[in-house]
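Subject: A structure for you to explore

Hi there,

Here is the structure I promised to pass on to you. Have it open while you read, and I will walk you through what turned up.

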Amino acid sequence: MSPCYDLHAHSTASDGTLTPAELVRRAHARGVDVLALTDHDDVSGVAEAAATASEVGLTLVPGIELSVTWSNMTIHVVGLHVDPTCTALRDGIARQQAFRHWRAAEIARRLAKKGIGGAAEGARSFASGPIVSRTHFARYLVEIGQAASVREVFKRFLVKGKPGYVAGDWASLDEVLGWIHAAGGIAVVAHPARYRLTATRLRRLLTEFTELGGHALEVVSGSHNRDECRYMGELARRFALLASCGSDYHGPEQPYVELGRLAPLPPGCVPVWHAPAWPGVSTAGVA
Ligand code: AMP
Ligand code: MN
Ligand code: MN
Ligand code: MN
């Protein structure tokens, strides 16, 4: 049987609810052979995940999911096989985290104006790693009874046009691909169907991404339906991008799929793990 790959997952280093060690153990128990830890704007969970992976006999891909401001919106780019000690990457992470800290205070200020106090401290109390995410605000607002679910908090408070929304001021696509490449990584456009882009804008994103040296598209995602996977498979082929797959797992409470429980890549897609830069891939015989 071919190995089971899950190349997008979160731990408590960002907005996941399992520690890196718990995540790796669960992935192993669910039959995942190769797991990428891709926390938002952070790599601090990688060492613990790698240590547990070598204990249980799973291959851990050191990764990251970087937030990008592109065309007045936020998109996510996953870096796979990044060197977590790379200075350019670390400097980039520091900058993203500085924006996150400023944004957390700003979200809290806006919520306070709507009569919801203490949200900065509240969100912080749900974050055990270095980053504060909107997910942490959402969990806090659920705890204090402002909404019944995380999803409802996003809808009522945290998305564009709602009281706690603060526009992203993340790095550019150019900068983020620069950090990933400096760290020896492979760049992947994460969950492309989630942005609800028109066909024209999606083509523009993929054109810019390939021109900047980006290599892969997350064709199969826990947040894509079957038609979206098929369509993204076509786009990967058209743009000569490699295809990645990941659950985007955040913990047992989240609505997406279980670790490793992913549809196969559509026919004709070249898997990202066949990239020459993927460790262990032999280029012998390739002209
Ligand atoms: P941030 O990077 O802090 O802006 O938060 C983005 C994260 O919030 C995503 O990675 C998801 O985990 C989560 N998220 C975004 N939109 C929603 C939503 N509508 N419902 C639940 N979680 C969401
Ligand atoms: Mn998340
Ligand atoms: Mn994402
Ligand atoms: Mn993610």
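Let's start with a metal site: the manganese ion (ligand 2) is coordinated by Asp-15 through OD, His-40 through NE2 and His-250 through NE2, at 2.1 to 2.2 Å. Please keep in mind that this is a predicted model. Along the chain, these donors follow the spacing D-x24-H-x209-H. Asp-15 sits in the loop between β1 (5–6) and α1 (20–29), and His-40 in the loop between β2 (34–37) and α2 (46–56), so the pair ties together parts that are 25 residues apart in sequence. Are Asp-15 and His-40 buried or exposed? Both of them are buried.

Now look for the other manganese ion. The distance between the manganese ion (ligand 2) and the manganese ion (ligand 3) is 5.6 Å. Which protein donors does the manganese ion (ligand 3) have? They are Glu-65 (OE), His-76 (ND1) and His-191 (NE2), lying 2.1 to 2.2 Å from the ion. Their spacing along the chain is E-x10-H-x114-H. Here, too, distant parts of the chain are linked: His-76 belongs to strand β4 (residues 73–80), while His-191 is in the loop between β5 (186–189) and α8 (199–211), 115 residues apart. His-76 has a relative accessibility of 16%, so it counts as buried. His-191 is buried as well, with a relative accessible area of 2%.

Next, zoom out to the domains. The chain is divided into domain 1 (5–93 + 170–285) and domain 2 (97–158). Taken over C-alpha atoms, the centres of domain 1 and domain 2 are 25 Å apart. Their contact takes 14 residues from domain 1 and 13 residues from domain 2. The size of an interface is often given as the accessible area lost when the parts come together. For domain 1 and domain 2 the buried area is about 1000 Å², and carbon and sulfur atoms give 49% of that. The rule also finds 1 salt bridge across this interface. While you are looking at side chains, find Arg-100 and Asp-41, which meet in a salt bridge at 3.0 Å, N to O.

His-81 brings me to the backbone. Most residues other than glycine have a negative phi. What is the phi of His-81? It is positive, at about 60 degrees, although His-81 is not a glycine. His-81 lies in the loop between β4 and α3 (87–113), and it counts as buried because its relative accessibility is 16%, under the 20% cut-off. Arg-196 also has a positive phi, of about 55 degrees, and is not a glycine either. You will find Arg-196 in the loop between β5 and α8. With 64% relative accessibility, Arg-196 counts as exposed because the cut-off for that is over 50%.

Happy exploring, and send me any questions!

Best wishes

Definitions and conventions:
Residues are numbered from 1 along each chain as its sequence is written. Chains are lettered from A and ligands numbered from 1 in the order in which they are written. This is a predicted model: local features need pLDDT of at least 70, side-chain atom pairs count only at pLDDT 80 or more; totals for chains, interfaces and linings use all residues. Side-chain values use heavy atoms; hydrogens and water are left out. Donors are N, O and S atoms within 2.8 Å of the metal (3.2 Å for Na, K and Ca); water is not among the atoms, so sites may look incomplete. Helices (H or I, at least four residues) and strands (E, at least two) are DSSP runs, numbered from the N terminus. Buried means under 20% relative accessible area, exposed over 50%, partly exposed in between (1.4 Å probe, protein chains only). Domain bounds come from an automatic or database domain assignment. Contact means heavy atoms within 4.5 Å. Buried area is the accessible area (1.4 Å probe) that two parts lose on being put together, summed over both. A salt bridge is a side-chain nitrogen of Lys or Arg within 4 Å of a carboxyl oxygen of Asp or Glu.
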